[in-house]
Amino acid sequence: MFNDRMATPAIPERVFTLCKIVEKRPISSSDLKERMEPEFLHNGSSYYADYRNAAEELKLISISDNMISLAVNPDVIKSIETMRKYINGQLEQFKNGLFYQVTSAYYSLGNQVLSGEKNVAAMAPQMSQLIGRPVDAMAMRAWRFWVSFLGFGYLQDMFLIPNTDVFLKDLINNAGFEKKKRYSFGEFIERLRPYCNIVIDTNPSNRKINYGVSNGLRALHDSGCIKLEHILDQEDIWNLYPLKAHAITGTVTNITISK
Amino acid sequence: MDINIARDRISYVVKPDSITASQGDFLATHVAINRLHLLNKFDILPSGGKNYSEEEVFDQYVFNPNNQHQFIAVYGQSGTGKSHLIRWFEAKFEQVKPDNEVVLFIRRSDNTLKGTIRQLLEKPEVKGIANREIYERLVKASVFVDENKLKDMLYHNFIIELHNDDDSHPIKITNVKRKRLEAFLNNEVVHDHLMSEKGPIERMYSKIAEHTLVDRDTIAQFLPGDFYVSADLFEDIHRAGADPKAEKMAREFMADETGAESASVLASYLNQFVNDVIQRCAGIEPGDFRQIFQDIRKELYRLEKNLTLFIEDVTSFTGVDDALLDALIVEHTGMNATDNLCRISSIVGTTSNYLQNNFRDNHKDRITQYVYIPSDVFDDNELFEFVGRYVNTMSLTEDVVNTWLSNHANPADYPVHEVKQGSGWEFVSIGFGKKLCLYPFTKNSIKYLYNYGLTKGHQTPRYIIRDIIEPVVNDIINNSENFPSVKYNLVNVNTTLSYGIHNQIKDDALADRLLKILCIWGNGQPEQYSKKDITYVSGVPESILTELGLPTLKFSEVKEPDPNQEGNHPGDEQDNPEVTTDVPTVPVAVQERVSKANAILTEWSNGKEIDYSATGGVTGLIRKAVLEDMCSFLFSTINWQVEGISDDNINKVKSSKKLLCLERQTKGSGFYQMPASWESMNVISAFIRWREFGNQSWNYPDSDLDAFLVTSWASKIKDSVVKAVSDRVEESKTPYIEAAIAAEMYRLILCGEFREHSLKNLSTKYLFESTTSTKANNCHSKEWNGLVSLITRNGADTRNKETIRQYFNITQGSGSTVVVLDEPELSRMVRRVKTNRLEIAEETMQLQDPVKLRRDVFNYLKDISDRIKDVSRAEVDKARDVVQIIYDHFDSDEIEEDDIIELVDTAKSFYGEINSTQINIAVASTDAVKKGVKQITKAINDVGLILPEGDVLNILMTFAGDPISTMQPLIDLLKTLDGDVEKLDQRIAVRKNALGVIGENLGTDNQYRSESESIESDLNKVISLR
């Protein structure tokens, strides 16, 4: 899912359930499969390998001698939200993976996605062109499950409206910012840098934040999680996607993590 | 403005009734009317034709240059300024009138019959008229009558008139109908109804009683609506024991098709008696009034004077209006020359409606000139001037105004106040190089409040004064720090502006004030521009915002507007800057539809109810946005499984009521109610644009804000929406899946699919395996089979099983045939149900769940749990009867396998002997008993252990395997043996009888002795086993 092929059955909820089963004790792969897709269901085919592989890629589980064990601290899978937060901290390891590259390409399009295809599956050719490797419609369908789960945007049927508020919130929590302290925006980005290149321009000199991340920052500002400011005498000025009606119309220099 | 002066003066200057203002204030606030229409024939709503100024009308007609008899009717809708114009005519006439002209100005200040006559008698010119003493006595002789008594007099006088109707009036009704109407009016309930505060009697009372406060343009008449009988009113009439004739009348008024017409006819019929009744109750006769006028005119003729009469409002004369008009239309020349009457020129004010309905045709024909005042009497500049003059006059001291008046109120000398507040606000030019400060108004605000603050029909000077000038000025005088604090009707608020303000200002009260200022005082657009180094935010100078203590916001820079376009609002029909400039690619018709929908939403967010039940039209847009697009968006954007709501649950919710509804919606309901707020309005508008502008996409200009808005809204309300659809909000309530599992477990037991005596081995596997059809031939009780039949009826069992299967299925997207189990949750839930031994207390069942399919699950379980006690008792009773047969045969209730095996062996031996004696009895098979001896023994013992009042679930599990069926082979064998023994006895007896004689005579006793003994022995054994 994250290294190479994106498969629709490998959805986050199944990965989470799998982890919860192995949390108790190591279990053989066949027993694990029998727990989630028992014979008595007469399914005919199986999805097990897809979501087990995704869990393995994310290093949530380890497989040894056909025995599957939890590979992370149980706190990581305390809830599906904690698992999401963990995964959002791991994404940069999959730079060369299809999921990472498609996500990166999607957000680099900025607000153009609003005037493009209404179905992400139909964006496959465009994505192939942007990342220079084949992406098919099925892969895009699988991508939408994870990209919305990880908090990069909001699904509207088969379209993803970019707004990274949940993803950013996880990153902020992972980065360990001091609450109520005002950071320069550049410092803020630098502290997120180990985790955020997937959607934030890797070239710091550009100081431009795309539409989806700008939406996320503004949503967090509106909900009181962060406070964005433009302080006039500051030189570290970053440009959000301009929205004249919003309190933060375009430029920001500082950020305070409120909660 | 000078607030210090205005604070004292406002109550004197701002008087909707122009007649009560002082002459100085009246002239200082007067704005010339230039849109008068002149007509020779009455037309209730004249259009087209030339506009005349008030000066032209005065010079040509009111001044009466040819000194002739004339009767001028000045009419228009209520509040258009008829009184004002007549007063202005009178004031102007006083200045230029010839010496021999007597001016009589009849006010309507106390608005009563006697008050009107009093005004006439107070004129110095008529001090010497004949009969003066009589008239004064007439006016003063008003007997004080109690209010209720006077109203009752009015009411009963109508009944008297009706009773004594001699058909002398033009409108006639049949005798039958008259009697019914009389009975109807005599009914106590009807009496109270017509005497109510808004009823006809109150209207008439106001015309004869002194010191009443009523709308000056009230007409003392019955209206058809007074006789509309509602179902409730009819019920009251009926309950009060009405006369049958009264009931028949009430029924006629109630009729759907003809009721309104009957009410209209009878109202007109009763109105014929209004004059007579009012006169009688006021103690004045028509002749009195005609005589007063005759005497006044004769007196003036004697003094060689002429009379010019200004009557502010002829409706004051209800009761004697015919008499008054008769008196006014009498010319002094021709046939009347001998009466020695003076010439009379009458200028009479009346409402269009009164003129149309209350002036007889012969009066209308004798009106020499009609002057019509249209409702929209002012153009924009005149409107600004009107407001400016009021603000100016209240900022001037009375002395300054009076000095100007005493100097002939020359327009060139018109005093302008020293601006103490609002020097940076807008001014309006009034000629002669004079400019009036509009503070606390802007031109935009005057236009906005005129267009949207006043209802249609109220866009007249009276209401401009009452509903615009007075409240706004009072607001700035008394509450400047919260200005504008008055609640205004915001129309078609630009959602970007609304969002921008509320997003940037967290103080709601401050944000609302700023929104009001920018929408009403400004142009309502989310834009700013600079003009001569002044920044205008939404058309309002920043300095004004600062002065009012409001923050300034940053919006998109636009070009300075064309002065000709200044003052347009988004709601103005002629132009919509937002739509035309921002959405050039969207067809105009679509823009208009969206704009209208936005206007409805604005009203809703301002406190009105909303009905969007219609699928078509503009409300259809709102309906699609809320019930289709927004619900669909939330269903797809919320990851329900992640939120702990299974796909099965969501599918059940989807098939129930709508996910969303709106606060104050008149019809329908939903799980999550959107509050009537600016934020909700913005989000709904965004979805309307998504559908209409983007053709169900975000591909339209400025969609970037809309897309952000809807995502941040979804993020904000997600938890509340999840909570609204969840069935696990109340800890004390059982989730439906628990009920489904319990019901399925009961079904497994009742259908014999799970036959163990403990739930321990009831694994999850059972819940997912397909059901097996129930054996038709079983030995369960009637009650047991009845319950099985009930729970499998119409596929209820299959649906319940599918609920369990899908509930624990972790689905992807729109689903798949492959089921992946949420095994931990499944195991947890199964454990819980088993621990509770399938019991779910009824009070914890969500039997009122708004989701029908979830409710069905509880009802399914309830169907089972309501019956299992009776079922178990019936099953035990039946089993006990059966097992007793066995106990009786073995003469013991402790039966072991060996006992049964022994029985089988004996039975075999029995049939062997029978066979060897060649008695013709069929051999009964003992194979079934022998084969099932273990099960039979267990079944007998299991049933034996059951106590009738024992644990119901235990009983059900005991009988799940149908132990009576298991015991059946043994029962059958015992019964067969019983029958065969009996048969054998009979056969032996027959044989013995046949052998008895032969033995005795032939000495053959020993021949069968051994066989006989053998049979006797076996028979005894069998008998002993009975």
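## A hairpin in chain A

In this predicted model, A:Ser64 has A:Met67 of strand E3(A) as its bridge partner. Strand E2 (residues 61-64) and strand E3 (residues 67-70) of chain A run antiparallel and are joined by four bridges. The two strands form a hairpin with two residues between them. One residue of the turn, A:Asp65, has a positive phi of about 50°.

## Chain A overall

Chain A contains ten helices and ten strands. Of its 259 residues, 46% are buried. Among contacts in chain A with a separation of 6 or more, 64% link residues 24 or more positions apart.

## Contact between chains A and B

Chain A contributes 43 residues to the contact and chain B contributes 42 residues. On the side of chain A that touches chain B, the elements giving two or more residues are helices H1 (12-24), H2 (29-36), H7 (137-149) and H10 (211-222), together with strand E4 (153-156). By class, this side of chain A has 19 nonpolar, 13 polar and eleven charged residues.

## Helix H10(A) against helix H31(B)

The axes of H10(A) and helix H31 (residues 703-725) of chain B come within 10 Å and cross at roughly 50°.

How values were computed: Residues numbered from 1 in each chain as written. Chains lettered and ligands numbered in written order. Predicted model: local features only at pLDDT ≥ 70, side-chain atom pairs only at ≥ 80, totals over all residues. Contact = placed C-beta atoms within 7 Å. Nonpolar A, V, L, I, M, F, W, Y, C, P; charged D, E, K, R; others polar. Pairing = 2+ DSSP bridges. Buried ≥ 20, exposed ≤ 12 C-beta atoms within 10 Å, placed from the backbone. Axes fitted to C-alpha atoms, helices over the stretch in contact; angles between N-to-C directions.
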